[in-house]
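Colleague: Could you take me through this model, from its overall fold to its charged pairs and surface patches? Please state the cut-offs as you go.

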Amino acid sequence: MGSRILGCGSALPALRVTNDDLSRVVDTSDEWIAKRTGIRARHIAVEETATDLGVSACQKALEDAGVDAGQIDLIVCTTGTPDALFPSQAALIRAGLGAVNAVCFDLNAACAGCVYALTTAHSLLQTMPGMRRALVVGSERMSRAVDWTDRATCVLFGDGAGAVVLERCDDDQGVLASVLKNEDDVDDVLRANSLYAGDFPFTAEGVAERTAEQIAAQSEAGGQTMEEALASTTCVGDAPLLLMKGREVFKFATRVMPEVLQEACDQAGVAVEDLAVVIPHQANERIISYAAKKLGLPLERFHMVIQETGNTSSASVFMALDDARRAGRIQPGQLIGMTGFGAGLTAGAVVLRA
Ligand code: ACO
(Lines give C-alpha, C1' and ligand atoms only; values in the text may rest on other atoms or scores of the structure.)
Protein backbone atom coordinates (compact mmCIF):
# COMPACT_ATOMS: atom_id res chain seq x y z
CA MET A 1 0.00 0.00 0.00
CA GLY A 2 1.09 3.55 -0.57
CA SER A 3 -0.24 7.10 -0.80
CA ARG A 4 -0.02 9.40 -3.74
CA ILE A 5 -0.47 13.10 -4.31
CA LEU A 6 -3.74 13.79 -6.12
CA GLY A 7 -3.50 17.58 -6.33
CA CYS A 8 -1.54 20.64 -5.20
CA GLY A 9 -2.29 24.27 -4.43
CA SER A 10 -0.62 27.37 -3.06
CA ALA A 11 -1.46 30.91 -2.01
CA LEU A 12 0.48 34.15 -1.66
CA PRO A 13 -0.62 37.35 0.08
CA ALA A 14 -1.50 40.29 -2.16
CA LEU A 15 1.33 42.61 -1.11
CA ARG A 16 4.56 42.00 -3.06
CA VAL A 17 7.64 43.58 -1.50
CA THR A 18 10.77 43.81 -3.63
CA ASN A 19 14.32 44.07 -2.31
CA ASP A 20 14.31 47.73 -3.30
CA ASP A 21 11.14 48.24 -1.26
CA LEU A 22 12.90 46.63 1.72
CA SER A 23 15.81 49.01 1.42
CA ARG A 24 13.34 51.65 2.68
CA VAL A 25 12.81 49.57 5.85
CA VAL A 26 16.37 48.48 6.70
CA ASP A 27 19.88 49.32 5.49
CA THR A 28 20.13 46.81 2.62
CA SER A 29 20.16 46.59 -1.17
CA ASP A 30 18.78 44.45 -3.98
CA GLU A 31 22.36 43.57 -4.90
CA TRP A 32 23.26 42.24 -1.40
CA ILE A 33 20.09 40.19 -0.98
CA ALA A 34 19.99 38.77 -4.51
CA LYS A 35 23.69 37.84 -4.54
CA ARG A 36 23.68 36.19 -1.10
CA THR A 37 20.28 34.45 -1.31
CA GLY A 38 18.71 34.57 -4.79
CA ILE A 39 15.67 36.38 -3.35
CA ARG A 40 14.23 39.27 -5.42
CA ALA A 41 10.84 39.68 -3.74
CA ARG A 42 8.58 38.20 -1.08
CA HIS A 43 4.87 38.55 -0.30
CA ILE A 44 3.75 39.96 3.05
CA ALA A 45 0.38 39.20 4.66
CA VAL A 46 -1.08 42.49 5.83
CA GLU A 47 -4.78 41.66 5.60
CA GLU A 48 -4.48 37.87 5.23
CA THR A 49 -4.24 35.50 8.18
CA ALA A 50 -2.49 32.12 8.15
CA THR A 51 -6.01 30.67 8.05
CA ASP A 52 -6.92 32.66 4.91
CA LEU A 53 -3.73 31.55 3.16
CA GLY A 54 -4.09 27.94 4.26
CA VAL A 55 -7.75 27.73 3.22
CA SER A 56 -6.98 29.23 -0.17
CA ALA A 57 -4.08 26.80 -0.83
CA CYS A 58 -6.24 23.84 0.27
CA GLN A 59 -9.17 24.90 -1.92
CA LYS A 60 -6.86 25.00 -4.94
CA ALA A 61 -5.41 21.59 -4.04
CA LEU A 62 -8.92 20.13 -3.66
CA GLU A 63 -9.96 21.58 -7.01
CA ASP A 64 -6.80 20.23 -8.63
CA ALA A 65 -7.49 16.79 -7.14
CA GLY A 66 -11.21 16.83 -8.03
CA VAL A 67 -12.09 16.12 -4.39
CA ASP A 68 -14.69 17.82 -2.16
CA ALA A 69 -13.78 19.13 1.28
CA GLY A 70 -16.29 16.67 2.77
CA GLN A 71 -14.25 13.75 1.36
CA ILE A 72 -11.18 14.66 3.43
CA ASP A 73 -10.55 12.40 6.44
CA LEU A 74 -7.44 14.06 7.84
CA ILE A 75 -5.84 17.53 7.86
CA VAL A 76 -2.25 17.88 9.03
CA CYS A 77 -1.10 21.49 9.14
CA THR A 78 2.55 22.37 9.56
CA THR A 79 3.29 25.85 10.83
CA GLY A 80 5.49 27.79 13.19
CA THR A 81 3.37 30.94 12.90
CA PRO A 82 -0.24 29.92 13.57
CA ASP A 83 -2.99 32.49 14.05
CA ALA A 84 -3.61 31.12 17.56
CA LEU A 85 -1.97 28.79 20.04
CA PHE A 86 -5.34 27.04 20.08
CA PRO A 87 -7.51 26.09 18.31
CA SER A 88 -4.89 24.53 16.09
CA GLN A 89 -4.21 26.09 12.72
CA ALA A 90 -5.54 22.85 11.19
CA ALA A 91 -8.85 23.30 13.06
CA LEU A 92 -9.20 26.87 11.76
CA ILE A 93 -8.50 25.69 8.20
CA ARG A 94 -10.93 22.76 8.62
CA ALA A 95 -13.69 25.22 9.58
CA GLY A 96 -12.82 27.53 6.67
CA LEU A 97 -13.02 24.63 4.22
CA GLY A 98 -16.10 22.94 5.65
CA ALA A 99 -14.10 19.69 5.89
CA VAL A 100 -16.61 18.33 8.38
CA ASN A 101 -15.36 14.73 8.28
CA ALA A 102 -11.71 15.48 8.89
CA VAL A 103 -9.61 14.74 11.95
CA CYS A 104 -7.09 17.56 12.23
CA PHE A 105 -4.01 18.70 14.12
CA ASP A 106 -0.87 20.82 13.82
CA LEU A 107 2.71 19.74 13.60
CA ASN A 108 5.73 21.96 14.16
CA ALA A 109 9.06 20.82 12.75
CA ALA A 110 10.05 24.37 11.73
CA CYS A 111 11.12 24.70 8.10
CA ALA A 112 11.35 20.90 7.68
CA GLY A 113 7.64 20.68 8.52
CA CYS A 114 6.62 19.70 5.00
CA VAL A 115 8.46 16.36 5.03
CA TYR A 116 7.41 15.64 8.63
CA ALA A 117 3.75 16.38 7.83
CA LEU A 118 3.76 14.36 4.61
CA THR A 119 5.35 11.42 6.44
CA THR A 120 2.83 11.66 9.28
CA ALA A 121 -0.16 11.84 6.95
CA HIS A 122 1.20 8.99 4.82
CA SER A 123 1.68 6.82 7.93
CA LEU A 124 -1.83 7.53 9.25
CA LEU A 125 -3.40 6.75 5.89
CA GLN A 126 -1.68 3.36 6.01
CA THR A 127 -2.67 2.50 9.56
CA MET A 128 -5.98 4.16 10.50
CA PRO A 129 -9.06 2.24 9.33
CA GLY A 130 -11.38 4.39 7.24
CA MET A 131 -8.80 7.08 6.49
CA ARG A 132 -8.42 7.49 2.77
CA ARG A 133 -7.69 11.11 1.91
CA ALA A 134 -5.63 13.75 3.67
CA LEU A 135 -4.92 17.41 3.18
CA VAL A 136 -1.35 18.24 4.14
CA VAL A 137 -0.86 22.00 4.38
CA GLY A 138 1.86 24.44 5.37
CA SER A 139 0.73 27.96 6.17
CA GLU A 140 3.08 30.62 7.45
CA ARG A 141 3.15 34.31 8.33
CA MET A 142 6.88 34.60 8.93
CA SER A 143 6.49 38.38 8.69
CA ARG A 144 4.99 38.26 12.23
CA ALA A 145 7.95 36.35 13.64
CA VAL A 146 10.87 38.33 12.25
CA ASP A 147 12.48 41.40 13.74
CA TRP A 148 11.94 44.12 11.12
CA THR A 149 14.90 46.07 12.48
CA ASP A 150 17.36 43.17 11.93
CA ARG A 151 18.54 43.33 8.32
CA ALA A 152 20.46 40.05 8.66
CA THR A 153 17.23 38.06 9.02
CA CYS A 154 14.18 40.08 7.96
CA VAL A 155 15.19 40.19 4.29
CA LEU A 156 15.13 36.40 4.05
CA PHE A 157 11.51 35.58 4.86
CA GLY A 158 8.07 35.81 3.29
CA ASP A 159 4.49 34.64 3.85
CA GLY A 160 2.47 32.01 2.01
CA ALA A 161 0.81 28.62 2.07
CA GLY A 162 0.95 25.40 0.09
CA ALA A 163 -1.07 22.19 0.24
CA VAL A 164 -1.41 18.73 -1.24
CA VAL A 165 -4.21 16.17 -1.28
CA LEU A 166 -2.78 12.77 -0.40
CA GLU A 167 -4.78 9.59 -1.12
CA ARG A 168 -4.15 6.03 0.06
CA CYS A 169 -3.60 3.70 -2.87
CA ASP A 170 -3.42 -0.06 -3.12
CA ASP A 171 -0.17 -0.33 -5.04
CA ASP A 172 3.28 0.89 -3.93
CA GLN A 173 2.98 4.23 -5.70
CA GLY A 174 3.39 7.73 -4.35
CA VAL A 175 5.55 7.99 -1.24
CA LEU A 176 8.37 5.45 -1.56
CA ALA A 177 10.67 6.47 1.28
CA SER A 178 10.97 9.00 4.04
CA VAL A 179 13.87 10.03 6.26
CA LEU A 180 13.50 12.28 9.33
CA LYS A 181 16.47 13.51 11.32
CA ASN A 182 17.02 15.62 14.43
CA GLU A 183 20.07 17.12 16.10
CA ASP A 184 20.20 19.26 19.23
CA ASP A 185 20.61 22.95 18.50
CA VAL A 186 23.44 23.23 21.02
CA ASP A 187 24.64 26.60 19.71
CA ASP A 188 21.15 28.17 19.56
CA VAL A 189 21.44 28.87 15.84
CA LEU A 190 17.73 29.30 15.17
CA ARG A 191 14.95 30.37 17.49
CA ALA A 192 11.69 32.33 17.47
CA ASN A 193 10.23 33.18 20.86
CA SER A 194 6.51 32.97 21.48
CA LEU A 195 6.24 33.55 25.19
CA TYR A 196 3.31 35.10 27.00
CA ALA A 197 3.68 38.78 26.25
CA GLY A 198 1.27 40.25 28.79
CA ASP A 199 1.90 41.56 32.30
CA PHE A 200 2.71 38.34 34.22
CA PRO A 201 1.47 38.73 37.83
CA PHE A 202 3.92 36.28 39.49
CA THR A 203 7.59 36.22 40.45
CA ALA A 204 9.68 33.34 41.81
CA GLU A 205 8.78 34.63 45.32
CA GLY A 206 5.02 34.60 44.71
CA VAL A 207 2.34 37.02 43.60
CA ALA A 208 3.74 40.32 42.30
CA GLU A 209 2.76 43.34 44.38
CA ARG A 210 0.35 45.72 42.71
CA THR A 211 -1.17 48.85 44.12
CA ALA A 212 -4.94 49.12 44.44
CA GLU A 213 -4.78 51.84 41.75
CA GLN A 214 -3.02 49.51 39.32
CA ILE A 215 -5.58 46.78 39.89
CA ALA A 216 -8.47 49.23 39.43
CA ALA A 217 -6.90 50.66 36.24
CA GLN A 218 -6.51 47.17 34.79
CA SER A 219 -10.12 46.28 35.50
CA GLU A 220 -11.22 49.47 33.82
CA ALA A 221 -9.09 48.85 30.71
CA GLY A 222 -10.39 45.28 30.64
CA GLY A 223 -9.16 42.54 28.36
CA GLN A 224 -9.83 42.45 24.65
CA THR A 225 -13.15 41.05 23.54
CA MET A 226 -12.97 37.94 21.36
CA GLU A 227 -13.91 40.09 18.34
CA GLU A 228 -11.14 42.62 19.06
CA ALA A 229 -8.58 39.87 19.54
CA LEU A 230 -9.59 38.14 16.31
CA ALA A 231 -9.41 41.41 14.41
CA SER A 232 -5.80 41.81 15.51
CA THR A 233 -3.30 40.51 12.94
CA THR A 234 -0.56 39.82 15.46
CA CYS A 235 0.03 36.09 16.12
CA VAL A 236 1.02 35.95 19.78
CA GLY A 237 1.57 39.36 21.25
CA ASP A 238 4.75 41.24 20.38
CA ALA A 239 7.13 38.60 21.69
CA PRO A 240 8.10 36.39 18.79
CA LEU A 241 11.35 37.59 17.31
CA LEU A 242 13.42 35.36 15.15
CA LEU A 243 17.06 34.91 16.07
CA MET A 244 19.48 33.24 13.69
CA LYS A 245 23.19 32.57 13.33
CA GLY A 246 23.24 32.60 9.53
CA ARG A 247 26.63 30.99 8.92
CA GLU A 248 25.95 28.06 11.28
CA VAL A 249 22.55 27.46 9.66
CA PHE A 250 24.25 27.56 6.28
CA LYS A 251 26.76 24.89 7.35
CA PHE A 252 24.06 22.66 8.85
CA ALA A 253 21.86 22.96 5.76
CA THR A 254 24.56 22.21 3.22
CA ARG A 255 25.69 19.16 5.22
CA VAL A 256 22.32 17.69 6.04
CA MET A 257 20.27 18.26 2.86
CA PRO A 258 22.41 16.00 0.65
CA GLU A 259 22.66 13.45 3.49
CA VAL A 260 18.90 12.99 3.98
CA LEU A 261 18.13 13.01 0.27
CA GLN A 262 20.77 10.34 -0.36
CA GLU A 263 19.42 8.26 2.55
CA ALA A 264 15.85 8.53 1.25
CA CYS A 265 16.98 7.43 -2.23
CA ASP A 266 18.88 4.48 -0.73
CA GLN A 267 15.82 3.51 1.26
CA ALA A 268 13.63 3.71 -1.86
CA GLY A 269 16.16 1.64 -3.82
CA VAL A 270 16.71 4.36 -6.44
CA ALA A 271 19.75 6.38 -7.48
CA VAL A 272 19.90 10.11 -6.78
CA GLU A 273 20.49 10.65 -10.53
CA ASP A 274 17.07 9.05 -11.15
CA LEU A 275 15.27 11.94 -9.43
CA ALA A 276 13.63 13.94 -12.23
CA VAL A 277 12.98 16.94 -9.99
CA VAL A 278 14.09 17.86 -6.47
CA ILE A 279 11.93 20.23 -4.45
CA PRO A 280 14.16 21.68 -1.73
CA HIS A 281 13.27 23.95 1.16
CA GLN A 282 13.53 27.45 -0.30
CA ALA A 283 15.87 29.10 2.21
CA ASN A 284 18.73 30.24 0.06
CA GLU A 285 19.70 29.63 -3.58
CA ARG A 286 23.33 29.19 -2.53
CA ILE A 287 22.43 26.42 -0.06
CA ILE A 288 20.53 24.63 -2.84
CA SER A 289 23.43 25.10 -5.21
CA TYR A 290 25.89 23.58 -2.68
CA ALA A 291 23.56 20.63 -2.08
CA ALA A 292 23.23 20.01 -5.84
CA LYS A 293 27.00 20.01 -6.21
CA LYS A 294 27.49 17.57 -3.32
CA LEU A 295 24.90 15.21 -4.78
CA GLY A 296 26.41 15.49 -8.28
CA LEU A 297 23.11 16.73 -9.73
CA PRO A 298 22.69 19.66 -12.14
CA LEU A 299 21.19 22.70 -10.41
CA GLU A 300 18.41 22.73 -13.03
CA ARG A 301 17.02 19.58 -11.43
CA PHE A 302 16.15 21.66 -8.29
CA HIS A 303 12.92 23.63 -8.60
CA MET A 304 13.01 27.09 -7.05
CA VAL A 305 10.45 29.79 -6.31
CA ILE A 306 12.60 31.59 -3.75
CA GLN A 307 13.19 34.49 -6.15
CA GLU A 308 9.54 35.47 -5.76
CA THR A 309 8.62 34.12 -2.31
CA GLY A 310 11.63 34.36 0.00
CA ASN A 311 11.78 31.71 2.71
CA THR A 312 8.22 30.76 3.66
CA SER A 313 9.41 28.16 6.20
CA SER A 314 7.31 24.99 6.28
CA ALA A 315 5.11 26.16 3.39
CA SER A 316 8.00 26.50 0.97
CA VAL A 317 8.31 22.92 -0.33
CA PHE A 318 4.54 22.66 -0.92
CA MET A 319 4.57 25.99 -2.74
CA ALA A 320 7.52 25.01 -4.92
CA LEU A 321 5.91 21.63 -5.66
CA ASP A 322 2.72 23.34 -6.80
CA ASP A 323 4.71 25.72 -9.00
CA ALA A 324 6.69 22.84 -10.54
CA ARG A 325 3.56 20.88 -11.32
CA ARG A 326 1.73 23.83 -12.83
CA ALA A 327 4.84 24.63 -14.92
CA GLY A 328 4.62 21.08 -16.35
CA ARG A 329 7.89 19.98 -14.73
CA ILE A 330 6.36 16.94 -13.03
CA GLN A 331 5.09 14.11 -15.20
CA PRO A 332 3.28 10.95 -14.06
CA GLY A 333 5.70 8.14 -13.20
CA GLN A 334 8.68 10.42 -12.52
CA LEU A 335 10.68 10.19 -9.30
CA ILE A 336 10.52 13.32 -7.15
CA GLY A 337 12.66 14.21 -4.13
CA MET A 338 11.57 16.68 -1.45
CA THR A 339 13.87 17.88 1.29
CA GLY A 340 13.87 20.36 4.13
CA PHE A 341 15.84 21.53 7.16
CA GLY A 342 15.05 23.87 9.97
CA ALA A 343 15.14 24.95 13.59
CA GLY A 344 15.27 22.26 16.22
CA LEU A 345 17.42 21.22 14.43
CA THR A 346 15.29 19.22 12.01
CA ALA A 347 15.85 17.76 8.56
CA GLY A 348 14.14 15.28 6.32
CA ALA A 349 13.53 14.01 2.82
CA VAL A 350 10.79 12.18 0.97
CA VAL A 351 11.10 10.30 -2.32
CA LEU A 352 7.90 9.68 -4.23
CA ARG A 353 6.70 8.56 -7.62
CA ALA A 354 4.43 11.15 -9.25
N1 ACO B 1 21.97 43.93 3.65
C2 ACO B 1 23.23 44.41 3.57
N3 ACO B 1 24.23 43.97 4.35
C4 ACO B 1 23.94 43.02 5.24
C5 ACO B 1 22.64 42.46 5.36
C6 ACO B 1 21.65 42.97 4.52
N7 ACO B 1 20.38 42.51 4.55
N8 ACO B 1 22.67 41.53 6.33
C9 ACO B 1 23.91 41.46 6.79
N10 ACO B 1 24.70 42.37 6.13
C11 ACO B 1 26.11 42.62 6.30
C12 ACO B 1 26.62 42.21 7.66
O13 ACO B 1 26.41 43.25 8.59
C14 ACO B 1 28.07 41.96 7.38
O15 ACO B 1 28.75 43.21 7.34
P16 ACO B 1 30.24 43.33 7.90
O17 ACO B 1 31.05 42.42 7.04
O18 ACO B 1 30.52 44.78 7.71
O19 ACO B 1 30.17 42.86 9.32
C20 ACO B 1 28.07 41.40 5.96
O21 ACO B 1 26.82 41.80 5.37
C22 ACO B 1 28.19 39.91 5.91
O23 ACO B 1 27.26 39.35 6.80
P24 ACO B 1 27.17 37.79 7.03
O25 ACO B 1 26.07 37.49 7.99
O26 ACO B 1 28.52 37.27 7.35
O27 ACO B 1 26.76 37.31 5.57
P28 ACO B 1 26.77 35.87 4.96
O29 ACO B 1 27.61 35.85 3.78
O30 ACO B 1 26.96 34.80 5.99
O31 ACO B 1 25.24 35.76 4.45
C32 ACO B 1 23.11 34.86 5.03
C33 ACO B 1 24.18 35.87 5.37
C34 ACO B 1 22.55 35.16 3.67
C35 ACO B 1 22.01 34.96 6.07
C36 ACO B 1 23.74 33.43 5.04
O37 ACO B 1 24.51 33.24 6.21
C38 ACO B 1 22.71 32.38 4.96
O39 ACO B 1 22.02 32.24 3.98
N40 ACO B 1 22.60 31.56 5.99
C41 ACO B 1 21.57 30.55 6.03
C42 ACO B 1 20.34 31.23 6.46
C43 ACO B 1 19.13 30.39 6.24
O44 ACO B 1 19.03 29.61 5.36
N45 ACO B 1 18.21 30.60 7.10
C46 ACO B 1 17.04 29.85 7.05
C47 ACO B 1 16.57 29.96 8.38
S48 ACO B 1 15.13 29.27 8.75
C49 ACO B 1 15.05 27.98 7.93
O50 ACO B 1 14.59 28.05 6.82
C51 ACO B 1 15.53 26.78 8.49
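Colleague: How many helices and strands make up the secondary structure of the chain?

Modeller: This is a predicted model, in which local features need pLDDT of at least 70, side-chain atom pairs count only at pLDDT 80 or more, and totals for chains, interfaces and linings use all residues. Residues are numbered from 1 along each chain as its sequence is written, and side-chain values use heavy atoms, with hydrogens and water left out. Helices (H or I, at least four residues) and strands (E, at least two) are DSSP runs numbered from the N terminus. On that basis the secondary structure comes to twelve helices and 15 strands.

Colleague: What is the radius of gyration of the chain?

Modeller: The radius is taken over C-alpha atoms, and the globule rule is 2.2 Å times the number of residues to the power 0.38. For 354 residues that rule gives 20 Å, and the value for the chain is close to this, so the chain is as compact as a globular protein of that length. The C-alpha trace spans about 70 × 50 × 40 Å along its principal axes. The radius of gyration is 21 Å.

Colleague: What percentage of the residues of the chain count as buried?

Modeller: Buried means under 20% relative accessible area, exposed over 50%, and partly exposed in between (1.4 Å probe, protein chains only). Of the 354 residues, the buried share is 50%.

Colleague: Which residue meets Asp21 in a salt bridge?

Modeller: Side chains of opposite charge can pair when their charged atoms come close. A salt bridge here is a side-chain nitrogen of Lys or Arg within 4 Å of a carboxyl oxygen of Asp or Glu, and the count comes to 13. Asp21 lies in helix H1 (residues 19–22) and is partly exposed because its relative accessible area is 26%. Its partner, at 3.5 Å from N to O, is exposed at 69%: Arg24.

Colleague: How many residues apart in sequence are the parts that Asp64 and Arg325 tie together?

Modeller: The side chains of Asp64 and Arg325 meet in a salt bridge of 2.2 Å, N to O. Asp64 belongs to helix H3 (residues 50–65) and Arg325 to helix H12 (residues 316–326), so the parts joined by this pair are 261 residues apart.

Colleague: Is Arg141, the salt-bridge partner of Asp83, buried or exposed?

Modeller: The closest N and O atoms of Asp83 and Arg141 are 3.4 Å apart. Asp83 lies in the loop between strand E4 (74–78) and helix H4 (89–97) and Arg141 in strand E6 (residues 133–141), so the pair ties together parts 58 residues apart in sequence. Asp83 counts as buried at 17% relative accessibility. With a relative accessible area of 2%, Arg141 is buried.

Colleague: Which elements give two or more residues to the positive patch?

Modeller: Patches consist of residues with over 30% relative accessible area and no salt bridge, like charges being joined within 9 Å and nonpolar side chains (Val, Leu, Ile, Met, Phe, Trp, Tyr) within 5 Å. Lys35, Arg36, Arg247, Lys251 and Arg286 gather in the patch of positive charge. Lys35 is placed in helix H2 and counts as exposed at 61% relative accessibility. The elements asked for are helix H2 (30–37) and helix H9 (246–268).

Colleague: What accessible area do Phe200, Phe202 and Val207 have together?

Modeller: These residues form a nonpolar patch on the surface. Val207 is in strand E11 (residues 206–207) and is exposed, with a relative accessible area of 62%. Accessible areas come from the Shrake-Rupley method with a 1.4 Å probe, and for residues only the protein chains shown count as cover. Together Phe200, Phe202 and Val207 have about 340 Å².

Conventions:
Lys and Arg count as positive and Asp and Glu as negative; His and the chain ends are not counted. The place of a charge is taken as NZ of Lys, CZ of Arg, CG of Asp or CD of Glu.
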